[in-house]
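The following questions and answers go through a model, one topic at a time. Please have the sequence and the coordinates open.

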Amino acid sequence: MKIEILGPVQTVRSRLSGWFAFTRKLQFEETVWGWILILPAILGVILFKLGPVLASLYFSFTKYEIISTPQWIGLANYQHLPQDELYMKSVSVTLNYSVLFIPLSVIVAYTIGLLMSLNLKGITIWRTMWYVPSLVPTVASAVIWRWALNPEFGPVNFPLKLLGLPYPGWLTDPDWIIRALVLIQLWGLGNAALIFLASIKGVPETYYEAAEVDGANAWTKFWNITIPMTSSVIFFQLIMSVIGSFQIFSVAYILFGGQTTSDPAGPGNAALFYVLYTYRNAFGYFRNGYASAMAWVLFAVVMILTILLFRTQKLWVYYEVEGGDRR
Amino acid sequence: MKVTRFFQKSLGYLILVGGGLIMVVPFFWLFSSSLKAPGKIFVYPPQWIPNPVRLQNYVDVFDEVPVLLYFSNTLIITVFSTIGTVLCTILTGYGFARLRFKGRDTVFGILLATLMLPYVVTMIPIYVMFSKLHLVNTFLPLILPNYFGEAFYIFLLRQFFRTIPVELEDAARIDGASRLRIIFQIMVPLAKPAIIVVTIQSVLDNWNAFMQPLIFLSKQRLWTLALGLNSLQHQESGLDLTHLMMVMAVFMVTPVVIIYFLAQKQFIQGIVLTGMKA
């Protein structure tokens, strides 16, 4: 921090002690303002994050049905989880989805980002076309895809039907429902693609020029320059994708949530996602203690996965060393 | 060499344009279906141009669904939430970016760590809290939290503020400008691209929100467009309301698309700038 330019030079030279008092006053002013400015964020973290997290941990050890007061039952909720068939179903549905969605989301978004980075005529228009689906609200996209994936009338099966090939019942066949949801979610990946676009565009042109001098072709340039230089963003998106994929809710609720909580979520509960089942327990069956235990298991899994991913960071993520005093 | 270049370029165009068209086909169909007669939507082969064009749908929907009510509910929530998010993000983002004091980085670390926190974990206690305050079935549970900042946006703005040269601020401070003046007269104009990104994202988040309204708004008079459209899907009156669902979906999508196109240039630029720095 460049304090010296704040006070007239003469003052600093003639009255050193005064200068120290001045900087101390500045420091104090900075501290006070600092805490005032970040106060809302601190309150927000306490009121809407840390507080609720602790409360939820407590609820998870209780029998709690909103109207009643929580009743301590120790680990009973957690012990019940593995015996709950629907719970195990929701775990397997969510895992099946995540295994497909996490890698695909990163690869597809990166590919779209690459396409968007091409220097072609009219690129802004083409970029917009790729991006715009991500603006569509989940409810509206559910309406759209209910038609697009309709086995008889939808355009996704249209070419298969035309060729006389067998076509899947995307939203009716339990085996295809997960794939259908992955497809729907991939359609709205525009934001991730834009962030990839930004990072791809941020790779200094000189690196490519230097590589060209050495006779590198497009493929080697991509693998040895673009990918490493954007690996920090890939890492970030991977983490976001992990966190997001375990929490999928709205699209599953809208398409398969049914009108009442007693209906199965899709044929054979094929769309009974983890958060959907948690939501049903909390707001459908009013088993808040049980739902809190479910939520905490999810939290623990997300945390462990994130930490593990951070551990792998050293192996494949490249960070540029940043210099300079930015405070 | 020239031939391969040409080939590469053509292939690039083909994928870019072809894929782009596939991405927007569902949109086109949505708009076209909103103009179709009931029973003309789920047909094979797909009917791309409505025949006959039925503008009546856009009148009928108002009889069937309280669209204006849903629309104004959604608007109220979106506007007040966005104001809170933007204001709070600017102030806290600046605090984290520019002011040095003990404990700052610890608080910032905790704030970032909350990004990992799934909403289901906090959902029940937050619901309990608002229900104890008798605020369930009001808009406050949806609006209020935005006035305490959103970790990701604070992070975004902090990163952006840090790229603005400190000297600009120091000059203003010599002239005796207060912190708030520095923030709003110097930093905010300079951080415009990032602030636009936060604003648009916040508008989108709130306009499109589904889970929170679902939890907190059970009374129909408080429903948002998203909840209204969702309930239309499950209507069991025996009538085919698909065409009206399409109209509702158009009502939901159009404002966001318009906002996007109006701010497109700054928005993309903002994402590019902040994305690079993040």
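Q: In what order do the elements of chain B run from the N terminus on?
A: This is a predicted model, in which local features need pLDDT of at least 70, side-chain atom pairs count only at pLDDT 80 or more, and totals for chains, interfaces and linings use all residues. Residues are numbered from 1 along each chain as its sequence is written, while chains are lettered from A and ligands numbered from 1 in the order in which they are written. Helices (H or I, at least four residues) and strands (E, at least two) are DSSP runs, numbered from the N terminus. Chain B has 13 helices and zero strands, and from the N terminus its elements run α-α-α-α-α-α-α-α-α-α-α-α-α.

Q: Why is chain B described as more spread out than a compact globule?
A: The radius of gyration is taken over C-alpha atoms, and the globule rule is 2.2 Å times the number of residues to the power 0.38. For the 278 residues of chain B the rule gives 19 Å, so chain B is more spread out than a compact globule, its own value being well over that at 24 Å.

Q: What is the radius of gyration of chain A?
A: Chain A holds 15 helices and two strands. Its C-alpha atoms fill a box of roughly 85 × 65 × 35 Å along the principal axes. A compact globule of 327 residues would have a radius of gyration near 20 Å, but the value for chain A is 27 Å.

Q: What distance separates the centres of domain 1 and domain 2 of chain A?
A: The domain bounds come from an automatic or database domain assignment. Chain A is divided into domain 1 (3-59) and domain 2 (78-316). Taken over C-alpha atoms, the centres of domain 1 and domain 2 of chain A are separated by 40 Å.

Q: Which helix gives the most to the side of chain A that touches chain B?
A: Two residues are in contact if their C-beta atoms, placed from the backbone, lie within 7 Å. The contact takes 77 residues from chain A and 77 residues from chain B. Several helices of chain A each supply at least two residues to the side that touches chain B, including H5 (123-131) and H15 (288-316). The one that gives the most, with 21 residues, is H2(A).

Q: How many residues of H6(A) are buried?
A: A residue is buried if 20 or more other C-beta atoms lie within 10 Å of its own, exposed if 12 or fewer, and partly exposed in between, with C-beta atoms placed from the backbone. H6(A) is mostly covered, and its buried residues include Trp145(A), Arg146(A) and Trp147(A). The buried count for H6(A) is 11 of 11.

Q: Is Ser134(A) buried or partly exposed?
A: Ser134(A) sits in the loop between H5 and H6 of chain A. Beyond residues up to four places away in sequence, Ser134(A) touches Gly188(A), Leu189(A), Gly190(A) and Asn191(A). With 18 other C-beta atoms within 10 Å, Ser134(A) is partly exposed.
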